[in-house]
Each structure stands twice: as structure tokens, then as C-alpha cells.
Amino acid sequence: MARKLLLTPIRRLGLELCCLYAATPPAFTLLGVLLYLMRIDGIDDATWTGAWSALTAYGALRMATHETGAPRILLTDRPRSLLPALHGISALLLLTLFLGPHIVNHLLGLLGEDVHRDVMTWLRHFYRNAAVQPALVAVFGFQVISGLVLLCQPQSQPISPFQVLQRASGLYLAVFIPAHLNSVFNLARRNGVETDYAWATGQPAGLLDDAWNIRLVPHYALAILLLAIHLACAVRVVLMAHGVRERTANGWAWILMLAGGVLDAAVLAGMLGMRL
Ligand code: HEM
């Protein structure tokens, strides 16, 4: 017989909103870039406040009008879907073929812009190849869409802190990836701007001394950290599925998160001007 698990509407809405709040840094960057591309100046704050007020009003209305008593979302033991496995395989592909080298490339900014440029020029032979680049963007598209589908699936109760972290970090990446690609392809390359380290670090003003650029600090810092957290949560699930005890799997997840945090701090230190 189908096992029924419940998640009340109010809890689900709360979780959805918390996950959305986690994605505010890339959403604010995306808003800034889109307004800039539309040549609309100086209304970032007003648009942002308006959009969040509307969302908060929507959340409040839904909370006020939800049917009390009846848990609405029922999860049955459905046949196992292939989607989580496909999401994981494409993540592995992206990590090994592009993201790993991409992030190490940014880490090398600590050794100076020349080292960063040399490595990037070498890597571009691969990822800017006419056949590879569209495939890469398509796999990133699949990653985002499959992730959103997984996020919208009803969840079993109780949801663990690791699951909350995985959902919030996933939503962050689902906003960050399109925002980042829009900046690279539409804002910069389409207008003939070289997307090198100087561009990424907002030169000549830098990331900290410019009222627009400063939004890129949390935007980039959280991208690497939450990528590591998202991966760590996934590794934990895979380990437990292979019979590893929960305590041990949790331990590995914390180690991966910590390693991601150290990597993130080092990349950011380079982007903010530190040199070894
Ligand atoms: C500190 C964090 C990051 C910085 C500073 C950064 C910066 C950049 C820069 C400068 C480019 C242009 C590269 C080129 O012209 O060859 C680029 C491209 C790209 N980045 Fe990032 N990135 C960061 C993190 C990420 C993350 C976390 C992801 C994905 C989750 C990502 C996905 C991409 C993709 C897909 C491209 C396009 C590659 C292509 O040209 O085909 N980046 N990024």
C-alpha cells in the first residue's frame, strides 16, 4: 500500500520563501545587469524593493488563505525516477570538464593576472571550441531545469537540515548560473568586452570601491561556497545509498563543505587584490 507522507502548505511555503531569500545575491546582480542592458539607470533599489514587496505580499496572502487542518501535499511511494541520477551524472560531467578547471583558474588569480590569463587562454581552447561551448551551455541548462524539477517535487517529512541546505544551495545556483551566463555572453562578449580577470574583478574600480560592483562580492563568494555545500549534500546521499552509516556520511559532508569554504575564501582573497 502506498505510504502517505505529509508536508503542510504553510511549512512548504516557508521553505520555498527561505530558499528564494538564499538566492538574493545572484538575483540582485541579474536585475542590475538586465536594467543596464535596457539602459535604465538608477532604479535598481526601487525595482528590487517593489519585487520583494510583491513576493512578500503573495506569501502573506497564501498563508492567510491556506486551508487549515488538511495537510495538502501527499507523497506516495512513486516508482523511482531517473532524474536524480541524470542530475548527478551531468553535475559530474560539468565539474570535471569545466567547473573544476574554471574555479582553479580563478584561484590562480592569487598568483597574479598574468598567470590567470595564461591558464584561461589555454583552457579556452577547449571550452570555447565551436562544438564544446553550445554543448556546455546546454548541459548547464539541463542542470538548472532538472534541479528545479527536483526542487518542486513533494518531499517526505521530516526534512533534514542537510536537505534544507541542498535545496537552498540548489536554488541559489539555479539563479546564479543564468545570471552569470547572461553577464558573460550578453553584457560582456556581445559588446566586445574581454571577459578576463580584470572584468571579473570590476577593474579599474575593483569590487569594493564601486557602488555597483560590490554586489558581486556575495554573488561570487556564495557561488563557490554553495556549490561546495550542494555537492557535499549530494555526496552524503550517495554514500548513505551505498550503505555508509549516516554519521560517517555526515562527517564527509562537513569535510567537503569546509574544504569548499577554504577554497572560496582563497578565490575571493585573490579577487579582492591579495597576491602570493
Ligand atoms: C568566483 C567565482 C566565479 C568567477 C569570478 C567567474 C568568472 C567567469 C569568467 C571571467 C568567465 C569568462 C571566461 C572566458 O572568457 O573564458 C566565466 C565563464 C563562465 N562561468 Fe564563471 N565564474 C565563477 C564561478 C562560476 C560558477 C560557480 C559557475 C557555475 C556554477 C560558472 C559557470 C561559468 C560558465 C558556464 C561560463 C561560460 C564558459 C564559456 O565561455 O563557455 N562560473 N566565468
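Figure 1. C233 is buried, with a relative accessible area of 1%. Here buried means under 20% relative accessible area, exposed means over 50%, and partly exposed lies in between, computed with a 1.4 Å probe on protein chains only. C152, by contrast, counts as exposed at 54% relative accessibility. The structure holds zero disulfides, a disulfide being a pair of cysteine sulfur atoms within 2.5 Å. The model is predicted: local features need pLDDT of at least 70 and side-chain atom pairs count only at pLDDT 80 or more, while totals for chains, interfaces and linings use all residues. Residues are numbered from 1 along each chain as its sequence is written, and side-chain values use heavy atoms, with hydrogens and water left out.

**Figure 2. The fold of the protein.** The secondary structure comes to ten helices and two strands. Helices (H or I, at least four residues) and strands (E, at least two) are DSSP runs, numbered from the N terminus. Along the sequence, the elements follow the pattern β-α-α-α-β-α-α-α-α-α-α-α. Of the 276 residues of the protein, 37% count as buried.

Figure 3. H102 and H180 each coordinate the iron atom through NE2, at 2.1 Å. The pair links distant parts of the chain, for H102 belongs to helix α4 (residues 83–107) and H180 to helix α7 (residues 161–188), 78 residues apart. Donors are N, O and S atoms within 2.8 Å of the metal (3.2 Å for Na, K and Ca); water is not among the atoms, so sites may look incomplete. The arrangement is octahedral because the six donor atoms around the iron atom subtend angles of 84 to 179°. Six donors count as octahedral if opposite donors are over 155 degrees apart and all others between 65 and 115. Ideal angles for six octahedral donors are 90 or 180 degrees. Both histidines are buried: H102 has a relative accessible area of 18%, and H180 has a relative accessibility of 16%.

**Figure 4. The shell around the ligand.** Of the 25 residues around the ligand, H102, Y127, H180, R189 and T195 come nearest; a residue is near a molecule if one of its heavy atoms lies within 4 Å of it. A polar side-chain atom of R189 lies 2.6 Å from an oxygen atom of the ligand. Two or more residues of the shell come from each of α4, α5 (113–127), α6 (132–152), α7, α8 (197–200), α9 (216–241) and α10 (246–271). Helix α7 gives the largest share, six residues. By residue type, the shell divides into 17 nonpolar, five polar and three charged residues. Ala, Val, Leu, Ile, Met, Phe, Trp, Tyr, Cys and Pro count as nonpolar, Asp, Glu, Lys and Arg as charged, and the others, Gly among them, as polar.

**Figure 5. Backbone features in two loops.** In the loop between α8 and α9 lies P204, which is joined to Q203 by a cis peptide bond with omega of about 5°. R39 is found in the loop between α2 (24–37) and α3 (44–65). Although R39 is not a glycine, its phi is positive, at about 60°. R39 is exposed, with a relative accessible area of 72%.

**Figure 6. An exposed tryptophan.** W254 has its place in helix α10 and is exposed, with a relative accessible area of 51%. From C-alpha to C-alpha, W254 and R236 are 9.4 Å apart in space, and they are 18 residues apart in sequence.

How values were computed. Tetrahedral: all angles 85-135°; square planar, octahedral: opposite > 155°, others 65-115°. Polar contact = N/O pair within 3.5 Å; in protein donor to acceptor, adjacent residues only side chain to side chain.
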